[in-house]
Amino acid sequence: MKKIIALTMMVCMLLGTAALVRADGGGSWAVVSNPNPADRLNLRTEPSSSATSLGKYYNGVTVTLLSGNGEIGWYRVSIGPLEGYMDASYLEVGVMPGAVASAMPTVTISNSGGSGANLRAGQSEKSKSLGLYANGTQVTVLGVAENWLHVITADGGEGFIRSDLATPRLTFAKDDTGNAGGAKTAVVVNPDPQDRLNLRTAASGNATTLCKYYSGVTVTLLSDEENGWYKVRVGSLDGYMKASFLDVGGGADITAAVCATPAVTVKAAGTRLYEKMNRNSDRLATLSKGEALTVLGVSTDYLHVRTQDGKTGFVLCANVTPEIPFDLGK
């Protein structure tokens, strides 16, 4: 508890200092203030509620005002390295940091397939690493993007970590202030974590299974629900999943207890990570002996996996250990 309190105080100091420096330099700032603290405010690519969201930010986050005013309904703002537009209705302009009660949550780095998470300068695995933070490290979340968290660390670092490497799991697609923009996502949630959800070729329980996915795996929704099914995409695979086993819109944050993705180890150097479940598909990486992989799903001959550096693809079941059977669970 003492660590959490100390971290919260440090975040407030960091945000407050940043705002005052900008003010002294002639700039201006505002603080995110949603009427419902559970909501988050979109940072959009254009001044429109239908524009793509770069991230959704919590109450108490300080943003720099670059242009615009409340009369036109939008401000062009910056938050760290990101620039975009925010709805003026949900910004308190000129107030001191702390005037709006913070709703920024704290998460803990938890990488089941590695020793921690890289803090990146941008929302990309190719962005510069600002440091590797060990499992168990707590960070404060400013905002949530698709697959990324915009965070501040206890030592003053600011950047992005992958959302799947932190618990509790914070989802981007939760219905909140404005339109999410871009693709909608859902998370696999099986009542029994040992079960796996079928990705099928058609919207029927009798259709062929392409792959079976573990709780905690994020999928992209390609359609609205119809007759209890969603058309979805997982990596390079398109198919259908039963709606009753998907958490759509992030109604509940996905905790570590829900995530059931197991880890496997590569048996031999030179093992290939394929783009598709086909040996003739593009090679995404050549894996090393002993390399740890997180298993997202299981097919008859392949595993859908994620590497420690964030690449997602397929490896032959025979090339990893332990063996994970296909015909188990849902």
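The entries below cover the pocket, the cavities and the cores in turn.

Entry one, the model. I note at the outset that this is a predicted model.

I found 36 residues in its lining, with Asn147, Asp164, Arg169, Arg306 and Thr312 lying nearest the centre. Strands E14 (166-167), E18 (218-221), E19 (229-234), E25 (292-298) and E26 (302-306) each give two or more residues to this lining. The most comes from E18, with three residues. By class I recorded 18 polar, ten nonpolar and eight charged residues in the pocket lining.

I found two of 30 Å³ or more. The largest cavity holds about 90 Å³ of space, and its lining includes Asn147, Arg169 and Thr218. That lining divides into five polar, four nonpolar and two charged residues. The second largest cavity holds about 60 Å³; among its lining residues are Asn111, Arg162 and Arg306.

I looked up the largest nonpolar core and found 37 residues, with Tyr57, Val63, Met86 and Leu149 having the most contacts inside it. Strand E11 (residues 138-145) gives the most to this core, five residues. I then followed Tyr57: leaving aside residues up to four places away in sequence, it touches, among others, Val32, Leu41, Ile79, Met86, Leu142 and His150. A second, separate core has 22 residues, including Leu197, Leu221, Tyr230 and Leu296.

Terms used:
Residues numbered from 1 in each chain as written. Predicted model: local features only at pLDDT ≥ 70, side-chain atom pairs only at ≥ 80, totals over all residues. Heavy atoms only, no water. 1 Å grid on protein atoms, 1.4 Å probe; cavity = no way out; pocket = protein on both sides within 12 Å on 5 of 7 lines; lining within 4 Å. Helix = DSSP H or I, 4+ residues; strand = E, 2+ residues; numbered from the N terminus. Nonpolar A, V, L, I, M, F, W, Y, C, P; charged D, E, K, R; others polar. Core = buried A, V, L, I, M, F, W, Y, C linked by side-chain atoms within 4.5 Å. Buried < 20%, exposed > 50% of the residue type's maximum accessible area, 1.4 Å probe, protein only. Contact = heavy atoms within 4.5 Å. Points joined across faces, edges and corners; volume = space filled by probe spheres on them.
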